[in-house]
Amino acid sequence: MRAVIAPDPGGPDALVLADLPDPEPGPGELVVDMAGSAVNRADTMQRQGFYPPPPGASDVLGLECSGTVSAVGPDVTGWRVGDEVCALLAGGGYAEKVLVPAAQVMPVPGGVDLVTAGSLPEVACTVWSNVFMIAGLQPGETLLVHGGAGGIGTMAIQLAHALGARVVATAGSAEKLEVCRSLGADTVVNYREQDFVAEVRAATDGRGADVILDNMGASYLGRNVAALATEGRLVVIGLQGGTKGELDLGTLLRKRGAVIATSLRSRPVSEKAAICAAVVEHVWPLVAEGSVRPVVHTTFPLEQAAEAHRLMEDSGHVGKILLTS
Ligand SMILES: NC(=O)c1ccc[n+]([C@@H]2O[C@H](COP(=O)([O-])OP(=O)(O)OC[C@H]3O[C@@H](n4cnc5c(N)ncnc54)[C@H](OP(=O)(O)O)[C@@H]3O)[C@@H](O)[C@H]2O)c1
């Protein structure tokens, strides 16, 4: 099969389209003939040598895919050759054939074509697990989403809006702020020109955000804690602004707040299985009824994965960047 690897760390041109042996499914696994996969920030970090795959995961890049089941290993129930599926992966998505634990396979949600379904697993699982399962966002509460026009951001805005929360989103251009608004953000903040702490307070009568989904890490830590409401939950999922920051525990203590940092990729299969099941139960019906939709900026064939990485690193995209086999 053809697959994209990054044998030596470097820029987008470090990606290599290689010929690798087809994967064989072991117990509890199946093989998906890839129709769609998508680029995630983590892939660009892996390519640069900063984010190695967890032990046992494929060296092939790619954290999600969609396609048709072409082989089923022993002890797999519920899936058959020919089923159209999408899947959350620890790696291996940028390939014509993808090996995946059956527990991380989901049906294609209603109303979504097979290729586009490859853009959904990582953002749906990340947002559902962090914003709803971990931070427990409730209807009527306020969610602050940083990077609202990115892959994660476009899913977080739509899901929180659909489930009755107020949404404040940050982005870096007027065009991207307009996208956030069109997806359901009640308040948008240009992080290059405005103070998001002041804007969140103004939007909530001074209360602050009940939940913050943060992609920046260190550079936003102080301001995020300042923007939290009493009993607010800050969930850090990205470190685009660095790993080491100073935390004002006095402010956090007075607010009875929580700071949580998580990584989906390193969670065990059993936890990913529970997240996938929750996504199928809670998110797929919203996709099928049209209140949450995949946001795809553009599509590249596998052999142009370097172009796809360049686009993401230039932040030239809105939503997801798809790859096809
Ligand atoms: N922990 C996990 O399990 C997990 C899982 C998935 C993703 N993530 C993380 O989530 C983040 C988003 O991932 P993604 O795939 O959605 O990437 P993405 O599509 O590239 O989105 C990243 C966004 O960051 C925004 N951004 C850049 N500087 C910013 C700033 N100073 N303030 C606010 N936003 C800023 C960019 O918006 P502008 O263009 O408007 O600047 C861009 O839309 C990444 O950090 C990724 O590593 C973590």
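1. Let's begin with the aromatic rings. This structure, which is a predicted model, holds two aromatic pairs. Rings of Phe, Tyr and Trp (its six-membered ring) pair if their centres lie within 6.5 Å; planes under 30 degrees apart count as stacked, over 60 as edge-to-face and the rest as tilted. Trp-128 and Phe-132 make a stacked pair, with 4.5 Å from centre to centre and 15° between the planes. Trp-128 and Phe-132 are about one helical turn apart, because they sit four residues from each other in helix H2 (residues 121–134). Helices (H or I, at least four residues) and strands (E, at least two) are DSSP runs, numbered from the N terminus. Both Trp-128 and Phe-132 are buried, a word that means under 20% relative accessible area, while exposed means over 50% and partly exposed in between (1.4 Å probe, protein chains only).

2. Now look at Phe-196 and Tyr-220. Their ring centres are 4.9 Å apart and their planes meet at 50°, so this pair is tilted. Phe-196 and Tyr-220 are both buried.

3. Next comes the ligand. There are 26 residues around the ligand, and Arg-41, Lys-176, Tyr-191, Tyr-220 and Gln-240 come nearest; a residue is near a molecule or strand if one of its heavy atoms lies within 4 Å of it. By class, this shell has eight nonpolar, 14 polar and four charged residues. Here Ala, Val, Leu, Ile, Met, Phe, Trp, Tyr, Cys and Pro count as nonpolar, Asp, Glu, Lys and Arg as charged, and the others, Gly among them, as polar.

4. An N or O atom in the side chain of Tyr-191 is 2.3 Å from an oxygen atom of the ligand. For the side chain of Gln-240 the corresponding distance to a ligand oxygen is 2.7 Å, and for that of Asn-215 it is 2.9 Å. On its own the ligand has 920 Å² of accessible area (Shrake-Rupley method with a 1.4 Å probe), and the protein covers 91% of that. H2, helix H3 (151–162) and strand E9 (166–171) are the elements that give two or more residues to the shell.

5. Strand E9 also contains Ala-171. Ala-171 counts as buried because its relative accessibility is 3%. Ala-171 and Val-188 are 17 residues apart in sequence, and their C-alpha atoms are 7.6 Å apart in space.

6. Asp-205 is not a glycine, yet it has a positive phi of about 55°. Asp-205 is in the loop between H5 and E11, and it is exposed, with a relative accessible area of 78%. Ser-315, also not a glycine, has a positive phi of about 50°. Ser-315 lies in the loop between helix H10 (305–313) and strand E15 (320–324) and is partly exposed at 36% relative accessible area.

7. Finally, a word on the record and the numbers. An unreviewed UniProt entry places "domain: Enoyl reductase (ER)" at residues 10–323. Over residues 10–323 the chain is 30% helix and 25% strand, with the end C-alpha atoms 20 Å apart. Residues are numbered from 1 along each chain as its sequence is written. In this predicted model, local features need pLDDT of at least 70 and side-chain atom pairs count only at pLDDT 80 or more, while totals for chains, interfaces and linings use all residues; side-chain values use heavy atoms, leaving out hydrogens and water.

Conventions: UniProt positions renumbered as here; feature names shortened; annotations may be inferred. Polar contact = N/O pair within 3.5 Å; in protein donor to acceptor, adjacent residues only side chain to side chain.
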